[in-house]
Structures are given as structure tokens and as C-alpha cells.
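Let's take a walk through this structure together.

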Amino acid sequence: MALNLSQLDEATRAELSRSVETLVDEGMDRPLARRKVWDDYQSELIAIADKEAGIDERPPLPPLPEARETGKTYQPKRWYMPRPDSGDDFFTPERMQKSRSALENLKQHLKQGAKA
């Protein structure tokens, strides 16, 4: 974020203004004096910031506490749960024949309903 003059406190602005007036009194053009004073102020801020510890130079954070190994507490919901009586002995030939005849009966009823 760039710093501008309006964000500074009164004391700092007054000090920068005095520096500009000193350079103008020595014969420097006012816009050039303002630019030079501002650039010097920014350079001082950078030098101060370089002395401070950066984020990479800070000591590392303490380690996190150990996670408890108690097993899974959340079980995701299973969308398909087989019935206990399903399996190879569930699909007997008699049950398959009964399901096929019920399906044929349903098809016949649907065909009759479509004709009416």
C-alpha cells in the first residue's frame, strides 16, 4: 500500500514542510524540493523496515498438539445398503420367475391403459 502525505500526522508533515522550505531557500525549485524530500522520507521508511524482522525471519510457531488416535468418529452415510437376506440364495429360480411374471403383468396393464 502506497503512503501519501495526507495519511501522515501533523508533526511529520510539518517536519517535511520545513525540509522543503530549507531546500527552496537554498535555491532549489519547489516541486523538485518536494519530490526530493518525499523520496528521502520513503527511503528512511524502507531502511527502518529493513531492520525489522520479516515474516520469514520470525521464529517458527510452536508445534500443534498431537492428534488423538481414537478411530473414526464420523461414518459417511452409505447410499446402498444390501439387505441381510440378499445374495446368491436370495435370487432363487422361483423368485426370479415370480418377478418376471409380475413385470409382464405390469407391461400388459400399461399397454391396455395406453390403448384406452
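Trp38 has a relative accessibility of 18%, so it counts as buried (buried means under 20% relative accessible area, exposed over 50%, and partly exposed in between, with a 1.4 Å probe and protein chains only). You'll find Trp38 in helix H2; helices here are DSSP runs of H or I with at least four residues, strands are runs of E with at least two, and both are numbered from the N terminus.

Before going on, a word on what you're looking at. This is a predicted model, where local features need pLDDT of at least 70 and side-chain atom pairs count only at pLDDT 80 or more, while totals for chains, interfaces and linings use all residues. Residues are numbered from 1 along each chain as its sequence is written, and side-chain values use heavy atoms, with hydrogens and water left out.

Now look across from Trp38 to Val20: the two are 18 residues apart in sequence, and their C-alpha atoms are 9.1 Å apart in space. With 42% relative accessibility, Ser17 counts as partly exposed.So how do H1 and H2 meet? On the H1 side, the contact involves Thr12, Leu16, Ser19, Val20, Glu21, Leu23 and Val24, and on the H2 side Arg30, Ala33, Arg34, Lys36, Val37, Trp38 and Tyr41 (contact means heavy atoms within 4.5 Å). Sorted by type, the residues of this contact are 8 nonpolar, 2 polar and 4 charged; Ala, Val, Leu, Ile, Met, Phe, Trp, Tyr, Cys and Pro count as nonpolar, Asp, Glu, Lys and Arg as charged, and the others, Gly among them, as polar.

The axes of H1 and H2 come within 9 Å and cross at roughly 135°, the axes being lines fitted to C-alpha atoms, for helices over the stretch in contact, with angles from 0 to 180 degrees between N-to-C directions. The two helices, H1 and H2, are therefore oblique to each other (under 35 degrees is roughly parallel, over 145 roughly antiparallel, 65 to 115 roughly perpendicular, and the rest oblique).

Stepping back, the chain has 3 helices and 0 strands, in the order α-α-α along the sequence. Of its 116 residues, 9% count as buried. The mean pLDDT of the chain is 81, with 73% of residues at 70 or more; pLDDT is the predictor's confidence in each residue, from 0 to 100.
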